[in-house]
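I opened this notebook to record what I looked up in the structure, entry by entry.

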Amino acid sequence: MKNILLPTDFSENSWNAITYAIQLFKNETCTFYLLNTYTPAIYHVEYVLVEPAQFGIANTAKENAVNELHNFKTRIKKEFYNPKHTIETMAVFNTLISEMKDIVKSKLIDYVIMGTKGATGAKEILFGSNTVHVFKNVKCPIIAVPDGFDFEKPYEILFPTDYQISYKSHHIEPLIDVISLYNSRVNILHVSYGYDLSEQQEENKKNLEEYLKKVAHLFHDVSNQTVEEGITNFQLKARINLLVMINNKHSFFENLFFKSTINQIGFHLNVPFLVIPSIPYKT
């Protein structure tokens, strides 16, 4: 059985991610946790000094969250009724990241699936600060679904790597899991800058191949491109339905997402993005 966490702010963007999750795991027995974290707009530090409930602020916010979650749960059952799926709702007075970290541990979450929309709403600013913070802080496989993406079965998966990771089973299991649902094929993309692989990289590549030996996979090498260019150009040539990366320190992933001078990343991506933590909470 799968445990899936679905954070929502009740936007169409988050609804779109929820419908993706439900369709992706259509044939799996799952519990979906619909989560909304709320902090009233006028909730400030001074209210901590007294009981915020006496102002009715927190109560009103909770009531709104509970009602909206109920509406979403009803909508899911109406549009995607599935006896294999259980929907639980959680309205919590907390910050999003803090609550997600707690739930991932307490509910043994297998995947977090969430919508991604930059703060500006511009299509090309895909990853807003919330998404980047989730990537950085929540140690669980996360699928980020682009705004307006219509569900596609992930038959072709793109997996960029620099072979700098000493692959372990917890890196590859979430990927194998998705592959097994749809007999998907993995395209391993290595972007090089004209240098041969080191002995360690060769070893890591062999290790990766061993993990993928029972699934369809292809290795691709491109040179003299940035990682972003490599991903974009590959998508132009092949119909990719899912991008997968491992969030590893000192890798191109870190450079791509966490060393930007702004919170929004101008990264053109039009397919869902599975981010696998290098060190998950389960280890």
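**Entry 1: Asn187.** In which strand is the place of Asn187? I found Asn187 in strand 7; helices (H or I, at least four residues) and strands (E, at least two) are DSSP runs, numbered from the N terminus. This is a predicted model, in which local features need pLDDT of at least 70 and side-chain atom pairs count only at pLDDT 80 or more, while totals for chains, interfaces and linings use all residues. Residues are numbered from 1 along each chain as its sequence is written, and side-chain values use heavy atoms, with hydrogens and water left out.

I then looked up the accessibility of Asn187. Its relative accessible area is 3%, so Asn187 is buried; buried means under 20% relative accessible area, exposed over 50%, and partly exposed in between (1.4 Å probe, protein chains only). The side chain of Asn187 makes a polar contact with the side chain of Glu156, at 2.9 Å. A polar contact is a pair of N or O atoms within 3.5 Å; within protein, one must be able to donate a hydrogen and the other to accept it, and residues adjacent in sequence count only if both atoms are side-chain atoms. Not counting residues up to four places away in sequence, Asn187 touches Glu156, Ile157, Leu158, Phe159, Leu218, His220, Phe234 and Ile240; contact means heavy atoms within 4.5 Å.

**Entry 2: the chain as a whole.** I counted nine helices and ten strands in the protein chain. Of its 283 residues, 51% count as buried. Among contacts with a separation of 6 or more, 83% are between residues 24 or more positions apart.

**Entry 3: confidence.** The mean pLDDT of the protein chain is 84, and 80% of its residues reach 70 or more; pLDDT is the predictor's confidence in each residue, from 0 to 100. I noted that pLDDT stays under 50 over residues 119–126, for which the model has 20 contacts beyond four places in sequence. Over residues 261–266 pLDDT also stays under 50, and there the model has 19 such contacts.

**Entry 4: the nonpolar core.** I looked up the largest nonpolar core, which has 79 residues. Such a core is a set of buried Ala, Val, Leu, Ile, Met, Phe, Trp, Tyr and Cys residues joined through side-chain atoms within 4.5 Å. Leu5, Phe32, Val112, Ile113, Phe159 and Leu175 have the most contacts inside the core. Helix 1 (residues 12–24) supplies the largest share of this core, seven residues.

**Entry 5: helix 7.** Helix 7 (residues 199–211) has 13 residues and reaches 19 Å from its first C-alpha to its last, close to the 18 Å expected at 1.5 Å a residue. The expected span is 1.5 Å times one less than the number of residues. Which residues of helix 7 are buried? They are Gln201, Asn204, Lys205 and Leu208. These residues lie on the same side of helix 7 because they cover an arc of only 100 degrees around the axis, the arc being that of the directions from the helix axis to the C-beta atoms. On the face turned away from the buried side I found the exposed residues Glu199 and Lys206. The buried residues of helix 7 pack against strand 6 (156–160), helix 6 (169–182), strand 7 (185–192) and strand 8 (216–223).

**Entry 6: helix 6.** The 14 residues of helix 6 should span 20 Å at 1.5 Å a residue, and its end C-alpha atoms are 20 Å apart, which agrees. Its buried residues are His171, Ile172, Pro174, Leu175, Val178, Ile179 and Tyr182. Just after helix 6, Asn183 takes a positive phi of about 50 degrees.

**Entry 7: further positive phi values.** Most residues other than glycine have a negative phi. Tyr163, although not a glycine, has a positive phi of about 60 degrees; its place is in the loop between strand 6 and helix 6. Tyr163 is buried, with a relative accessible area of 1%. Phe10, in the loop between strand 1 and helix 1, has a positive phi of about 70 degrees.

**Entry 8: Met1.** I found Met1 in the segment before strand 1 (2–7). Met1 counts as exposed, at 67% relative accessibility. Leaving out residues up to four places away in sequence, Met1 touches Thr29, Cys30, Thr31 and Asp110.
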